[in-house]
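Please open the model in your viewer and keep the sequence panel beside it. The tour below moves from one selection to the next and says what is found at each stop.

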Amino acid sequence: MRGKTTKVEECYIVELDKHHSDRKGNITVVENGITVPFSTERVYYLYDIPGGESRGAHAHKELYQLVVAASGSFDVVLDDGTNKKRFTLNRPYQGLLVVPGMWRDLENFSSGSVCLVLASMVYSEADYIRDYDEFVKFKKL
Ligand code: TYD
């Protein structure tokens with residue numbers, strides 16, 4: 001299973017393609033095979049999150065994701081069972097690549113923020129690990 005052996009160092013912020021038009025704002029594009037190392041099968045977004053609230057607290061066994069602060073800001077703390085790394089997302093033209101096998105906490109949402117997620121697989125509860133001790137065992141087996 002892909003997520004068993006992954007390390008937090010494999011997760012990084014991708015600078016996305018940004019097209020600027022002087023008075024008309026910006027467009028950012030994410031393309032399968034060009035911007036991200038997976039094919040997007042699902043898109044979802046978190047919104048109406050009360051300021052300062054947290055989400056996440058789970059890991060995925062196989063799922064790749066690109067996490068974008070489409071509006072506002074929040075922190076993503078990734079943990080591979082040994083090492084942790086905190087990423088602050090606050091630009092709509094940056095995406096955090098989250099490889100499988102990362103426990104993630106999404107924290108410090110600014111009010112009105114929107115967390116856009118591109119995911120490599122359709123929703124499957126079987127891909128989730130929602131218990132931290134179980135996650136640590138999964139990474140050590
Ligand atoms: P979850 O992934 O646990 O949320 P978060 O990590 O943002 O706190 O999902 C919350 C609920 O939404 C859970 O009951 C499952 C459901 N859900 C879907 O039905 N499909 C999806 O694609 C996602 C991401 C969640």
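**The open sheet**

Begin by selecting the open sheet of five strands, whose order is β8-β7-β10-β5-β12 with antiparallel pairing; strands here are DSSP runs of E with at least two residues, numbered from the N terminus, and two strands pair if DSSP finds at least two bridges between them. At its edges are β8 and β12 (128–129), each of which pairs on one side only. This is a predicted model, in which local features need pLDDT of at least 70 and side-chain atom pairs count only at pLDDT 80 or more, while totals for chains, interfaces and linings use all residues. Residues are numbered from 1 along each chain as its sequence is written, and side-chain values use heavy atoms, with hydrogens and water left out.

Next select β7 (residues 74–79) and β8 (residues 84–89), which pair in the antiparallel sense over six bridges; aspartate 75 has threonine 88 in β8 as its bridge partner. The two strands form a hairpin with four residues between them, and glycine 81 in the turn has a positive phi of about 95 degrees.

Then move to β5 and β10 (residues 103–107), an antiparallel pair with three bridges, where glycine 56 stands opposite aspartate 105 in β10.

**The ligand**

For polar contacts (pairs of N or O atoms within 3.5 Å), display the side chains in turn: an N or O atom of tyrosine 128 is 2.7 Å from an oxygen atom of the ligand, one of arginine 55 is 3.0 Å from a ligand oxygen, and a polar atom of arginine 130 lies 2.9 Å from a ligand oxygen. Taken alone the ligand exposes 530 Å², of which the protein buries 60%, with areas from the Shrake-Rupley method and a 1.4 Å probe.

**The largest pocket**

Finally, select Tyr44, Leu46, Gly56, His58 and Leu106, which lie nearest the centre of the largest pocket among its 16 lining residues. The elements giving two or more residues to this lining are β4, β5, β6 (65–71), β10 and β11 (114–119). A pocket is an open set of points on a 1 Å grid over the protein atoms alone, where a 1.4 Å probe fits, with protein on both sides within 12 Å along at least five of seven lines, and lining residues have an atom within 4 Å of a point.

Notes. Polar contact = N/O pair within 3.5 Å; in protein donor to acceptor, adjacent residues only side chain to side chain.
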